[in-house]
Amino acid sequence: GPGRAWNFSAGPAMLPQAVMEQAQAELLDWQGTGISVLEMGHRTPEFLQIAQQAEADLRHLLDISDDYHVLFLQGGGTGQFGMVPLNLLGDSGKSADYLITGHWSQLAHKEAVRIARARVAADGATTNYCKIPDRADWQLDPDAAYVYYCANETLLGVEFHDTPDTGDVPLVADMTSNLLARPLDVSRFGVVFAGMQKNIGPTGMAVVIVRKDLAGNARSNMPSLEDYALQAKAGSMLNTPPTFTWYMAGLNFRWLLDNGGLEAMAAANRRKADKLYRFIDASSLYYNEIDPACRSDMNVHFRLRDESLQQGVLEAAGAAGLKALAGHRVTGGLRASLYNAMPEAGVDALIDFLGEFERRHG
Ligand code: PMP
């Protein structure tokens with residue numbers, strides 16, 4: 001729309017135009033009630049309808065069975081770094097296995113160690129996290145309470161394209177930056193979680209999908225707000241939730257259902273990322289250092305062979321309406337996040353811009 005930039009932010013990220021317009025249209029008066037969702041009690045029939053519809057639509061999108069709780073919790077993605085060990089290790093004295101494939105799995109492991117026993121089963125440090133360690137080199141503990149991994153490392157764009165096989169040990173996945181990017185067989189997982197502000201909605205919440213038999217054994221001396229079973233029983237409303245965030249997530253789920261669901265998203269996401277990687281690989285100014293087997297469809301990280309052009313390219317891009325292309329402060333470089341809401345036209349505009357910049361400076 002007029003005045004809207006191509007926003008490549010890794011998160012909080014671009015939301016679908018239609019979702020933003022619907023929220024705008026019903027901001028002052030939600031469906032003839034004369035009340036905004038921002039002003040609505042969370043236990044009113046109106047908000048309960050919004051919340052329950054959001055859960056039903058998410059269950060439909062991901063084909064989530066009744067064996068799973070679907071929770072909408074506060075604390076974002078990082079909140080789950082603590083809640084997972086508190087709930088799954090509980091008072092058992094068992095330990096958990098962590099696959100370290102980048103920044104976010106590293107932080108999750110660090111948080112787990114504060115709380116309980118957590119081993120490193122594999123670590124991609126020797127390849128600077130540009131490659132997922134070979135499955136044959138993972139040192140898995142058969143008695144672990146769970147195996148934890150980050151399905152898409154957002155900083156460098158390192159994505160698992162297959163669900164790891166951990167046998168009978170429950171698998172826990174951080175899908176903060178790739179949930180809903182494609183269909184997912186949820187039955188393979190013990191827990192799947194995602195902070196919302198990338199591919200789902202605004203900030204303030206996480207979607208947490210928990211196999212029911214894994215809830216209910218939380219540590220005895222911990223805050224009730226962090227207990228999956230108590231939250232499930234309370235409909236994720238042990239206290240006042242971020243209602244507007246929940247509502248926006250619901251509008252996004254509805255938009256996904258109305259636009260071909262996750263199969264359609266997967267095809268579009270594959271096409272967008274593939275186009276950008278092919279452009280980068282063919283360029284003599286830009287390069288991507290990630291093992292092609294695990295390049296992310298969501299976050300495309302790249303660098304300039306002449307690093308002195310970094311500031312210039314960001315400024316010129318911003319002036320051309322291509323925003324938020326700076327890499328994370330930890331990694332530097334450039335990064336284009338291509339979540340569901342980024343139209344292919346945005347990727348085309350980025351490629352045109354980068355090509356033109358290379359012709360002028362390459
Ligand atoms: N996990 C991943 C994969 C992320 O990309 C992020 C945020 N960039 C987080 C966890 C942390 O999320 P939050 O900021 O919501 O705590």
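Colleague: How do the residues of the shell around the ligand divide into nonpolar, polar and charged?
Modeller: Two are nonpolar, eight polar and one charged. Ala, Val, Leu, Ile, Met, Phe, Trp, Tyr, Cys and Pro count as nonpolar, Asp, Glu, Lys and Arg as charged, and the others, Gly among them, as polar. This is a predicted model: local features need pLDDT of at least 70, side-chain atom pairs count only at pLDDT 80 or more, and totals for chains, interfaces and linings use all residues. Numbering runs from 1 along each chain as its sequence is written.

Colleague: Which residues are around the ligand?
Modeller: Among them are Gly76, Gly77, Thr78, Trp104, Asp174 and Gly195; a residue counts if its C-beta atom, placed from the backbone, lies within 6 Å of the molecule.

Colleague: Which helix gives the most to that shell?
Modeller: Helix α3, residues 76-88, with three residues. Helices are DSSP runs of H or I, at least four residues, and strands are runs of E, at least two, numbered from the N terminus.

Colleague: Other topic. What does UniProt say about Lys198?
Modeller: The unreviewed entry annotates Lys198 as "modified residue: N6-(pyridoxal phosphate)lysine". Such annotations may be inferred rather than shown by experiment; positions follow the numbering used here and feature names are shortened.

Colleague: Where does Lys198 lie?
Modeller: In the loop between β9 (191-195) and β10 (205-211).

Colleague: Buried or exposed?
Modeller: Lys198 is buried, because 30 other C-beta atoms lie within 10 Å. The cut-off for buried is 20 or more, exposed is 12 or fewer, and partly exposed is in between, with C-beta atoms placed from the backbone.
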